[in-house]
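The sequence and the model are shown first, and the description follows.

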Amino acid sequence: MSRLLAALPCVEPDTIKTDANKLQVKFAVKDRAAFNLDEVKRALTGRYSGGVQVLVGPTER
C-alpha cells in the first residue's frame, strides 16, 4: 500500500504510516487542493478491492 500511495503526485512519500491491525494508512499531502480521492481509490482498489474509505480528509495538520 505504501508503494502505491507513494507513486501518487499528491502524497508526501516520507509521511506514509500504515497500521495493519486497523487496516488504516495515514499520510500528508503536498497540496490539499490537489488531493484527489478518486485518484487514491483507483491506485488502491486493484489490490485492496474491499473498498477504500476516507476517515478524515486533508487537514491543516
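Which elements each supply at least two residues of the lining of the largest pocket? They are β1, β2 and α2 (37-45).

## Basis of the description

This is a predicted model, in which local features need pLDDT of at least 70 and side-chain atom pairs count only at pLDDT 80 or more, while totals for chains, interfaces and linings use all residues. Residues are numbered from 1 along each chain as its sequence is written, and side-chain values use heavy atoms, with hydrogens and water left out.

## Overall architecture

The protein chain contains two helices and two strands. Read from the N terminus, these elements follow the order α-β-β-α. Helices (H or I, at least four residues) and strands (E, at least two) are DSSP runs, numbered from the N terminus.

The C-alpha trace of the protein chain extends about 30 × 20 × 20 Å along its principal axes. Of the contacts in the protein chain between residues at least 6 apart in sequence, 37% join residues at least 24 apart; contact means heavy atoms within 4.5 Å.

## Burial and the nonpolar core

Of the 61 residues in the protein chain, 13% are buried. Here buried means under 20% relative accessible area, exposed means over 50%, and partly exposed lies in between (1.4 Å probe, protein chains only).

The largest nonpolar core has seven residues in all: L5, L8, C10, V11, I16, V40 and L44. Such a core is a set of buried Ala, Val, Leu, Ile, Met, Phe, Trp, Tyr and Cys residues joined through side-chain atoms within 4.5 Å. When residues up to four places away in sequence are not counted, C10 touches A28, V29, K30, A34, F35, N36 and E39.

## The largest pocket

The largest pocket has a volume of about 1000 Å³. It is lined by 34 residues, of which V25, K26, F27, Q53 and V56 are the closest to its centre. By class, the lining holds 18 nonpolar, eight polar and eight charged residues.

A pocket is found on a 1 Å grid over the protein atoms alone, as an open set of points where a 1.4 Å probe fits, with protein on both sides within 12 Å along at least five of seven lines; lining residues have an atom within 4 Å of a point. Grid points are joined across faces, edges and corners, and the volume is the space filled by probe spheres set on the points. Ala, Val, Leu, Ile, Met, Phe, Trp, Tyr, Cys and Pro count as nonpolar, Asp, Glu, Lys and Arg as charged, and the others, Gly among them, as polar.

## The loop residue L23

L23 is placed in the loop between β1 (17-19) and β2 (24-26). Its relative accessibility is 75%, so L23 counts as exposed. The phi of L23 is near 55 degrees, a positive value in a residue other than glycine. Most residues other than glycine have a negative phi.

## The N-terminal part

M1 is in the segment before α1 and is partly exposed, with a relative accessible area of 29%. Leaving aside neighbours within four places in sequence, M1 is in contact with V25, L44 and Y48. M1 and R47 are 46 residues apart in sequence, yet their C-alpha atoms are 8.4 Å apart.

S2 belongs to helix α1 (residues 2-6), and A6 lies in helix α1 as well. S2 is partly exposed at 32% relative accessible area, and A6 is partly exposed at 30%.

## The segment after α2

P58 is found in the segment after α2 and is partly exposed, with a relative accessible area of 33%. Beyond its neighbours within four places in sequence, P58 is in contact with V29, R32 and F35. P58 and F27 are 31 residues apart in sequence and 9.1 Å apart in space, C-alpha to C-alpha.
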